[in-house]
Amino acid sequence: MTLKDRVDAIFPDWQHWYPSLFDAAVDLGVIRARVCDPSSLLLSNRHASVRAAAEFAHRRKWSAEENEPEE
């Protein structure tokens, strides 16, 4: 079931009251914000293992380092 279908099921006339589907969904409780650690929002932190693997592959290819990355 799509977000629009869920909002329509709760309040079929939502377009007359809300400027967007997102606003209606939040107000009706279909979607909720979750609290998370701010550092988890940074792409640099989320993709650190991918970057480490790429750096390892680069070093290995160019014989700069032979140790595997830590995870």
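Predicted model: local features only at pLDDT ≥ 70, side-chain atom pairs only at ≥ 80, totals over all residues.

Tutor: Phe 11 comes out as partly exposed, since its relative accessibility is 25% and the buried class stops under 20%. Searching the whole structure turns up one aromatic pair. It's formed by the rings of Phe 11 and Tyr 18, whose centres are 6.4 Å apart with the planes at 90°, so this is an edge-to-face pair.

Now for the helices. H1 covers residues 3–10 and H2 covers residues 21–28; they pack with axes 10 Å apart, at an angle of about 55°. That angle makes H1 oblique to H2, and their crossing is left-handed. On the H1 side the contact uses Leu 3, Lys 4, Val 7 and Ile 10, while H2 brings Leu 21, Ala 24, Ala 25 and Leu 28. Sorted by class, that's seven nonpolar residues, one charged and no polar ones.

Val 30 ties in with this picture. You'll find Val 30 in the loop between H2 and helix H3 (43–46), and it is buried, because its relative accessible area is 11%. Setting aside neighbours within four places in sequence, Val 30 is in contact with Leu 3, Arg 6, Val 7, Ile 10 and Ala 25. As for Lys 4, it is 26 residues away from Val 30 along the chain, and their C-alpha atoms are separated by 10.0 Å.

Key
Residues numbered from 1 in each chain as written. Heavy atoms only, no water. Axes fitted to C-alpha atoms, helices over the stretch in contact; angles between N-to-C directions. Helix = DSSP H or I, 4+ residues; strand = E, 2+ residues; numbered from the N terminus. Parallel < 35°, antiparallel > 145°, perpendicular 65-115°, else oblique. Left-handed = near helix turned anticlockwise from the far one by under 90°. Contact = heavy atoms within 4.5 Å. Nonpolar A, V, L, I, M, F, W, Y, C, P; charged D, E, K, R; others polar. Phe/Tyr/Trp six-rings, centres within 6.5 Å; stacked < 30°, edge-to-face > 60°. Buried < 20%, exposed > 50% of the residue type's maximum accessible area, 1.4 Å probe, protein only.
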